[in-house]
Amino acid sequence: MDNCMFQIEAAMKFGMEKSGLTSGDSESSVVKRQASPSMRQRINVLPGAGPSTAHSSSSIHEKEDLFSQLLVNVDDEGYDLYDGISGRFDDNIDFEGKQAHMETSIVELPPILQVQLQVRALSFSSQTHADQTTRQRVQFNRETLEAYKSNAYVKFGESLFMDRFLAQADPQKKARSKEIERKLRSCRERLSELTKGTGIPYDKALTNTYNMITKQNLFPLDADLLHDLETESELLKAELAQCREEAASLKAALEDLWKDDRKVEYELSSVFIHRGSSPSFGHYFFYARDLPNDPDKWLKYNDQDVASVPKAEVLADTTGSTANPYLLVFARKGANVIDIIHRANFDAQDVDMLDL
């Protein structure tokens with residue numbers, strides 16, 4: 001996406017300079033101005049992380065910079081878009097070979113906001129910008145040493161409220177929000193430990209082992225072993241149920257905290273889809289919302305075919321499917337920057353300009 005934006009910006013700059021309409025670099029950055037908000041990053045090197053920081057002037061590093069899109073992790077099922085953005089804005093990272101904690105907030109929002117659903121690894125240095133090693137929905141299997149595509153479903157809706165992510169948000173609410181988010185993250189990490197990896201789901205594995213031993217009569221039964229297997233299976237089921245209930249309660253508390261902060265609203269305008277089981281190949285298509293004319297109307301652009309589709313198809317739960325969103329585009333409500341179906345009549349001079 002960054003490369004596409006660069007190509008568009010370069011073409012616009014060339015066309016403008018050829019026509020003599022504008023000059024200079026600032027005019028050529030029209031695309032960047034439309035899609036690049038600014039964020040503030042505060043990185044705090046954790047105590048005892050990596051080599052000694054005694055020779056460093058400070059263990060806290062802060063900078064403000066532009067960014068072209070928000071990167072949202074898609075490692076796990078059951079997350080929504082707010083979870084993904086929150087995880088991106090409050091994260092543990094590698095900073096110059098040391099473990100550090102990064103907090104991010106948005107200083108200035110753009111008229112157009114792009115959210116890319118990816119698995120990413122972030123590393124930083126004090127002299128350079130964030131090194132974002134990202135590929136859409138790509139994960140790496142350490143057992144098979146192969147890359148594969150994550151098909152995890154990330155819930156999103158037609159509106160996105162960005163109030164909670166702003167630098168000027170209520171500091172008391174932000175502090176309470178971070179406290180809830182960290183508890184929620186810890187709970188979800190435990191759920192991930194119990195439901196991911198070789199041999200999962202573990203409760204069923206324990207139950208199946210118990211059934212095999214008791215029914216096959218392959219060797220003398222050990223009463224203690226059978227009791228332990230049965231007990232562990234029940235304890236695991238109980239812990240899973242408790243974790244899921246706690247995660248749901250924390251998520252509800254988090255959304256309730258921000259329910260009245262709805263001044264900064266974005267409208268979903270486009271959803272880009274990749275269909276395929278491999279990150280290396282597949283088919284691409286996208287949905288576009290008929291803004292500003294008919295917000296309830298969605299169009300599907302699939303190669304040369306364009307068709308009207310129900311909203312339910314665009315927002316559908318894609319769990320179990322290989323056709324997943326990888327890029328969401330939002331427009332600031334009231335900014336009037338999106339006109340999906342726009343037809344214009346060009347004169348000969350306009351056509352010559354387009355040929356440039």
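Is Glu-96 buried, partly exposed or exposed, and what is its relative accessible area? In the predicted model examined here, Glu-96 is partly exposed, with a relative accessible area of 34%, a value that lies between the limits of 20% for buried and 50% for exposed residues. Glu-96 is placed in the loop between strand E5 (90–95) and strand E6 (98–108), and its phi is positive, at about 55°, although the residue is not a glycine. Most residues other than glycine have a negative phi, and most peptide bonds are trans. A positive phi is also found at Asp-303, again a residue other than glycine, where the angle is near 55°. Asp-303 belongs to the loop between E15 and strand E16 (305–309) and, at 59% relative accessibility, counts as exposed.

Two prolines in loops were also examined. The peptide bond that leads from Leu-291 to Pro-292 is cis, with omega near 0°, and Pro-292 is found in the loop that runs between E14 and strand E15 (294–302). Pro-279, in turn, lies in the loop between E13 and E14 and is buried, with a relative accessible area of 15%.

For the protein as a whole, the secondary structure comes to 9 helices and 17 strands, and 38% of the 356 residues count as buried. Among the contacts between residues at least 6 apart in sequence, 70% join residues that are at least 24 apart.

The largest nonpolar core holds 32 residues, of which Leu-81 and Met-162 touch the most other members. At least two residues of this core are supplied by each of strand E3 (70–73), helix H4 (81–89), strand E7 (112–124), strand E12 (159–161), strand E13 (265–275), strand E14 (283–290) and strand E17 (323–332). When neighbours within four places in sequence are left aside, Leu-81 is in contact with Val-72, Val-115, Leu-117, Val-154, Lys-155, Phe-156, Leu-160, Leu-328 and Phe-330.

Helix packing was considered next. Two packed helices are described by the angle between their axes and the distance between the axes. Helix H5 (residues 171–195) packs with helix H7 (residues 223–257) at an angle of about 155°, and their axes are 9 Å apart. Angles over 145 degrees count as roughly antiparallel, and H5 and H7 are therefore roughly antiparallel to each other. Their crossing is left-handed, and the residues of the contact of H5 with H7 divide into 13 nonpolar, 2 polar and 10 charged.

H5 also packs with H4, in this case at an angle of about 105° and with the axes 11 Å apart, an arrangement that makes H4 roughly perpendicular to H5. On the side of H4 the contact is made by Asp-83, Ser-86, Gly-87 and Phe-89, and on the side of H5 by Lys-178, Glu-181, Leu-184, Arg-185 and Arg-188. The residues of this contact of H4 with H5 divide into 2 nonpolar, 2 polar and 5 charged.

Notes:
Residues are numbered from 1 along each chain as its sequence is written. This is a predicted model: local features need pLDDT of at least 70, side-chain atom pairs count only at pLDDT 80 or more; totals for chains, interfaces and linings use all residues. Side-chain values use heavy atoms; hydrogens and water are left out. Axes are lines fitted to C-alpha atoms, for helices over the stretch in contact, and angles run from 0 to 180 degrees between N-to-C directions. Helices (H or I, at least four residues) and strands (E, at least two) are DSSP runs, numbered from the N terminus. Angles under 35 degrees count as roughly parallel, over 145 as roughly antiparallel, 65 to 115 as roughly perpendicular and the rest as oblique. A crossing is left-handed if the near helix is turned anticlockwise from the far one by less than a right angle, and right-handed if clockwise. Ala, Val, Leu, Ile, Met, Phe, Trp, Tyr, Cys and Pro count as nonpolar, Asp, Glu, Lys and Arg as charged, and the others, Gly among them, as polar. A nonpolar core is a set of buried Ala, Val, Leu, Ile, Met, Phe, Trp, Tyr and Cys residues joined through side-chain atoms within 4.5 Å. Buried means under 20% relative accessible area, exposed over 50%, partly exposed in between (1.4 Å probe, protein chains only). Contact means heavy atoms within 4.5 Å.
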